[in-house]
Amino acid sequence: MDISRVDLNLLVYLDVLLREKNVTKAANHLGITQPAMSNGLRRLRDLFGDPLLVRTSEGMTATERARELQPMVRSILSDIEQAVQQKTPFSATDSQRVFRIMASDYAESCLMPRVLRRIRQEAPNVTLDVLTPSDVSFQDVEQGRLDMAINRFDKIPQSFHQKTLWTEFFACLMNARNPILQDPFTLDSYLQASHIWVSKTGFGVGVGVNPKDVQRLGWVDEALGLMGRKRRISVFTRHYQVAMLLAEQHDLIATLPSRAAWLQRDNPNLVIKAPPFDIPPFELKMAWSPLLQHNADHQWLRRLIAEVAEEVDEEFAEFGRQFEAAEPDGPHRSER
């Protein structure tokens, strides 16, 4: 094929079509008419010898060939954007940029205050707009409308760039006068107590929780389920800060990421203990669009966040070792 005869605009059309999976929405996004978008799809089908999008009961669905093409097309367009983008150095002291970051409640509590402190020191005129997972979608990240997503991700689009900030284990937070502390802290005593559940937040608007649906309750309850055990949950919340406040009530236990518990290490009303069973750790990651990979402003932001995360990790390390390799009281411990 003579590449000089290929209209590169068609790759832009294909990129948007595969994201939107709707001709009308793709046309609106590109600012062209629906007939023009339909004509573009026809030309794409001729170019690749594949229907690319087919109508099913679920709407327009990408073919296998289209799914293969999607990351390649996104990479090609990213390289082109990098080639034509004007290279201008980023001046932190002079910048008045607004950075929009999606952060889970956990990341917002454990990481973002320090990130903001560093930004204020290095770039006093930069504004930070922190959004929740329910405010945005993967599409917002992919299209560069959001600078960064910081969360624990079950899965992430292949085209995204990502970096692990730290690996997180779990801790139990409870009132210093909780009756459970009168005896050895074992799996049996843990299960006899009342518990605070905290959401594992992902993208999209949240819905109510069904206490019987263990598979959707998250890390702690999945780990218990593997042992055929179940805890009694008295309170459901979507906010780690609320869970930490509720843990001050005399008979409740909050099982939450150890860095969140670490924030309460100087609270005389609370005790922090290692869970009496294994809970698989998770990774806190930052993810961003390939469109922003080579942007100088964004490179500065990524460096700053990574450095702050490393500082947190170093300061937390000694405290955190008890949760990484703790041998809790009593014989109860799951095997994975």
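The second largest pocket lies between domain 1 (3–84) and domain 2 (98–166 + 284–319), because both give residues to its lining. Domain bounds here come from an automatic or database domain assignment. The model is predicted, so local features need pLDDT of at least 70 and side-chain atom pairs count only at pLDDT 80 or more, while totals for chains, interfaces and linings use all residues. Residues are numbered from 1 along each chain as its sequence is written, and side-chain values use heavy atoms, with hydrogens and water left out.

The second largest pocket holds about 230 Å³ of space. Its lining has 13 residues, of which Gln-70, Glu-142, Pro-157, Gln-158 and Ser-159 are the closest to the centre. Helix 1 (9–20), helix 4 (64–84) and helix 7 (138–142) are the elements that give two or more residues to this lining. Helix 4 gives the most, with 4 residues. By class, the lining of this pocket has 3 nonpolar, 4 polar and 6 charged residues. Ala, Val, Leu, Ile, Met, Phe, Trp, Tyr, Cys and Pro count as nonpolar, Asp, Glu, Lys and Arg as charged, and the others, Gly among them, as polar. Helices (H or I, at least four residues) and strands (E, at least two) are DSSP runs, numbered from the N terminus.

A search of the whole structure finds 1 cavity of 30 Å³ or more. On a 1 Å grid over the protein atoms alone, a cavity is a set of points where a 1.4 Å probe fits but cannot get out, whereas a pocket is an open set with protein on both sides within 12 Å along at least five of seven lines; lining residues have an atom within 4 Å of a point. Grid points are joined across faces, edges and corners, and a volume is the space filled by probe spheres set on the points. The largest cavity contains about 80 Å³ of space. Among the 12 residues that line the largest cavity, Val-198, Leu-217, Trp-219, Val-220 and Thr-255 are the closest to its centre. At least two residues of this lining come from each of strand 8 (194–198) and helix 9 (219–226). The lining of the largest cavity divides into 7 nonpolar, 3 polar and 2 charged residues.

In soluble globular proteins, nonpolar side chains tend to be buried together. A nonpolar core is a set of buried Ala, Val, Leu, Ile, Met, Phe, Trp, Tyr and Cys residues joined through side-chain atoms within 4.5 Å. The largest such core has 68 residues, and those touching the most other members are Leu-111, Ile-150, Leu-173, Tyr-190, Trp-300 and Ile-305. Helix 12 (residues 296–324) gives the most to this core, with 11 residues. At least three residues of the core come from each of domain 2 (98–166 + 284–319) and domain 3 (170–280). Leu-111 lies in the loop between helix 5 (105–110) and helix 6 (112–122). With 0% relative accessibility, Leu-111 counts as buried. Buried means under 20% relative accessible area, exposed over 50%, and partly exposed in between (1.4 Å probe, protein chains only). Leu-111 and Val-308 are 197 residues apart in sequence, but 7.6 Å apart in space, C-alpha to C-alpha.

Most residues other than glycine have a negative phi. Lys-21, in the loop between helix 1 and helix 2 (23–30), has a positive phi near 55°. Leu-52, in the loop between helix 3 (34–48) and strand 1 (53–56), has a positive phi of about 65°. Lys-21 is partly exposed, at 34% relative accessible area, whereas Leu-52 is buried, at 0%.
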